[in-house]
Structures are given as structure tokens and as C-alpha cells.
Amino acid sequence: MISVLSIFRKQYPIVLPAERHVMSRGSIDPEVLEILARIRRGGYKAYLVGGCVRDLLLGKKPKDFDIATEARPRQVKQLFRRCYLIGRRFRLAHVYMSRDRFVEVATFRAAVDPQEVQDAGRYAANNVFGSIEEDAQRRDFTVNSLYFNSADSTVIDYTGGLRDLEKKLLRSIGDPETRFADDPVRIIRAARFCAQLDFQPSGADLKAAKSCAPLIREANDQRLREELFKILRCGASEGTIRNLIRFGLLGEWLPELAPKRYHEALFARLAVVDRRRAKGEDLPVCVLVTALLYDLFAEATGTDGGRQSFQEAFMLLKERFGEMAAKMRLPRQEWDNICNTAARQMILMRPGGGKNWKRFEKKFAGNAYFSQAMLFFEILVEATGEHAEQLAYWRRFAHTQGEAVDSKPARPEAVRRDREPVVKPRADSADEDAPKPKRRRPRRPRKKRPQEQPSGGASA
Ligand code: ATP
Ligand code: MG
């Protein structure tokens, strides 16, 4: 924590010298320090800013490092060999440290973004760029608006972030009502930061979050999707969803999850997801989203699957919640993965039975979707304390099959996240191998492959 913050002047900026805070150059990636030094050698001021400064002052490991500078993007580009300008009107520079690691370098922004003003149909000012003071004012929360100068290891505070860090308070910069109305996504960020950092929102922020919550309906769907993924991966997803409920925002954003009857089970699953995250596990998106939505799915199909096959359950989920998935901007392949993961739970919960079972389970466990379905099943078992025996059964089965499979490397064990499954599930042939426990039905004529089901059908 910050060691000495007792003597506060009200005038900003507050410049905290190296010996009065815990953040040291040693905790910063040397390549990032070199980028900062090079910008300075080019004649421009440059600072670390945002989440990395906040996290380092709190003694946490930052997710990534962001730099703010007075150099314009083109000036930054001239300083580095591997630098690419990105974003609307090339306002940001990505400076690469290696093939896939880069630091975002942003030029100080004006307090009012002329593009945003223009979008709102108002008169646009000329300059998108501004001073460091202006840059500090346009950020979302005081604790996200601290600057670290690596030249002398001072921390610079223009908005009261140091005081709020010490008080564990999340406070908007300026009037929270106005800031949340300008960008309602900030309310979701507030819920996440409070959970992640174990902070409380200021009284005014809490009030404004509640009153502005309905505005989230107008927020950009892509940004909301990104925020959702950030929540599910942040290690504090349970607390974030609890905060969103407290702010009255969950029902506005994801109304399907609003009914209270879902919440306890949801919290239990998210707690498992968070524990796994704390151990460094990076769960695939389809497992994370299934953890969020599983109660809706289970209610729609019945946890025992009713009399339907899991392929029928897959189709039911895909269609019944298709509109919600589109609103959530889930890519089609990802949505298939999610429905597949959820529909397979009914088989995982009830192994055995039916005369074709042996043949079926082999195919089921060898399918490209099996490992992600198992991953979610593990979460479900840990969250509910139920089906532990069935989980042990499938682990044993997968283990013995795995040994057999090892000698056949062509068979994939998991769906790669960014590509199509190597073995494409075949929807039209799936039912042939499903065990038919009770009656013997005459084989139905083959259905035509549905048009809207390109690669992601559900097969055993
Ligand atoms: P995380 O640990 O999640 O990365 P972060 O604070 O670094 O937290 P980012 O989304 O990476 O969050 O944003 C970097 C910085 O940009 C923030 O710290 C904040 O200063 C600013 N920022 C991000 N989103 C907004 C927003 N909607 N409004 C104003 N400022 C924002
Ligand atoms: Mg960040």
C-alpha cells in the first residue's frame, strides 16, 4: 500500500516522490521502461498510466502497461521500428516488444473528444489532443488516472486518485451522473473494478449508477460483449455480477438473468470460475458463457433432458436463445460451441443405459466438443456438489480412451478456439449412434442438413 499519504494538499497535481509510495521501477517490465526512455530521449514527456499504475500501487500484478505521452502518434512512430498506428483516425500507437507483445502508447487526449461531439451532432472543436491535465480529466475513475514518471519514479495525481486508493473508494472523475450518462459502459466497469479491487463505489457513484442503469440499453453491443468477457476473465466475476445486481444494471443489460431464482446457482458457478482464474487457468469463452447462462439452458431443456436426445436439446437451445446470442454479439461458431457444451451435460449426468451405449459413449468422448463439455461439467460438479460419481466415470473413461487415442494422433481432443473443430460434427448422422434406451423405433428418414447449421451441429 501507499506508505505515507497523510499530508494532503488540495491543490493538484499532487506529485508523490519515489520514497513515499511502493511502486518501483523494478516491478515494471524493463522493455516498457526502455520504450518510455526512448520517447523521452526523443524530447517528449511520457508516463505509465491507468490500470498498471493503480495495480502496482496496490501491490498487485498489472495485466498490461499503458503509456500516455505528449508525442503525437506520428512522432511516436518515428521513434520505433516496429510501431503501428491504429484506431479511428490512427490515434493510438502500438509499439511492439516482440512478435506478439506490444504496449499501447496514447497521446494525451483533450477533455472533449471532437469526434464524439460530432457524432452527437454538436459543433466539433479542432483538437483531439490535449495536455496531461486534460488527459487526466477525461479518464473514468480517479484511481485510473494516476501517472508514473519513470525518469524520477514520481506518481502524479490530478484527480484525487491517491486518496481514493487509500480509502478503497471508486469515484468518477467529475459528476458521476454526467459521466455515466455520457458512457453507461462505465457503470459496468465500476462494478468490475469494485469487485476486482475490493473497493466500494462512492455514495454519489452508487446513486448515479442506479439512476443511469437503464441507459445501458443504448450502449454499443460490441463494447458490451468485450466488457462481458473481461468480467468472466477478471477473477472476480461473482462479485461483479453481484455489484451489477446491486446497481440495478443486470436486468437492463441481460434481462434473461434478472430472475432471482437463478442467482445462487450462478454465483456458485462463477465462484468456481474465479478460483480457477486465481490459479492461472484460462478457460475458453464457450465454458465461461455456459457458466453464465446455464440455468436458462437447463430450465429450457430440463436437467435430465426430458425425452429428447442431446442433439434435439442442442437445436432447442440454439433456436430458443438465438436472439439473445445475437444481441450479445456472440460469433456463430462460439454460439454453437456454447449450445454444444450445454446440451452435452445431460449425457454427462447420466452415463450408461441403452443397448448402443458402448458404441455411443466412445463416439461421444471422442468428439471434438467432449473436452470443453467436460470442463464445464467439472465446474458444475464443483459448484453444486452433485454428479461427482458421473464425473469420475467420465474421467476414467476419457483416460482409458486417451491411452487408445494417443496412438491415433489424427483424432483431436479439443476444439481450438480460433479455428473450426478438426472433426466437424455431423448433425444429420448423430441420432444413429445415440443410445435408445426404451423402445425400438423404426429408423426415421434422414433429415436434410439444416441450412443455418454450417459446421457446428451436435454429433456424438
Ligand atoms: P484493466 O486492469 O481491466 O485493464 P484498466 O484501468 O487498465 O483496467 P482499460 O480498459 O485497460 O482499464 O483502460 C485503460 C485506461 O483507459 C483506464 O485506466 C482509464 O484511465 C481509461 N479508460 C478506459 N475506459 C474508459 C472509459 N470508458 N471512459 C474513460 N476512461 C476510460
Ligand atoms: Mg488495462
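Helices here are DSSP runs of H or I with at least four residues, strands are E runs of at least two, and both are numbered from the N terminus. On that basis, in this predicted model, the chain holds 22 helices and ten strands. Colouring the chain by burial will show that 36% of its 460 residues are buried, and of the contacts with a separation of 6 or more, 69% join residues 24 or more positions apart.

Select ligand 1 next, together with the residues around it: G50, G51, K63, D66, R139, D140, N144, S145, D183, V185 and R186. This shell is made up of six charged residues, four polar ones and one nonpolar. Because domain 1 (1-167) and domain 2 (175-263) both contribute residues to the shell, ligand 1 lies between them.

Now turn to the largest nonpolar core, which has 108 residues, and in which V53, I67, I187, A191, L249 and A291 touch the most other members. Helix α14 (residues 285-301) gives the most to this core, namely ten residues. If you centre on V53 and set aside its neighbours within four places in sequence, you will find L48, L146, Y147, F148 and V155 in contact with it.

Finally, select L317, which is placed in helix α15 (residues 310-320). Is L317 buried or exposed? It counts as buried, because 24 C-beta neighbours fall inside 10 Å, where the cut-off for burial is 20 or more. Beyond residues up to four places away in sequence, L317 touches F297, A300, T301, C339, A342 and A343; L317 and A342 are 25 residues apart in sequence, with 8.6 Å from C-alpha to C-alpha.

Methods:
Residues are numbered from 1 along each chain as its sequence is written. Chains are lettered from A and ligands numbered from 1 in the order in which they are written. This is a predicted model: local features need pLDDT of at least 70, side-chain atom pairs count only at pLDDT 80 or more; totals for chains, interfaces and linings use all residues. A residue is near a molecule or strand if its C-beta atom, placed from the backbone, lies within 6 Å of it. Ala, Val, Leu, Ile, Met, Phe, Trp, Tyr, Cys and Pro count as nonpolar, Asp, Glu, Lys and Arg as charged, and the others, Gly among them, as polar. Domain bounds come from an automatic or database domain assignment. A residue is buried if 20 or more other C-beta atoms lie within 10 Å of its own, exposed if 12 or fewer, and partly exposed in between; C-beta atoms are placed from the backbone. Two residues are in contact if their C-beta atoms, placed from the backbone, lie within 7 Å. A nonpolar core is a set of buried Ala, Val, Leu, Ile, Met, Phe, Trp, Tyr and Cys residues joined through C-beta atoms within 7 Å.
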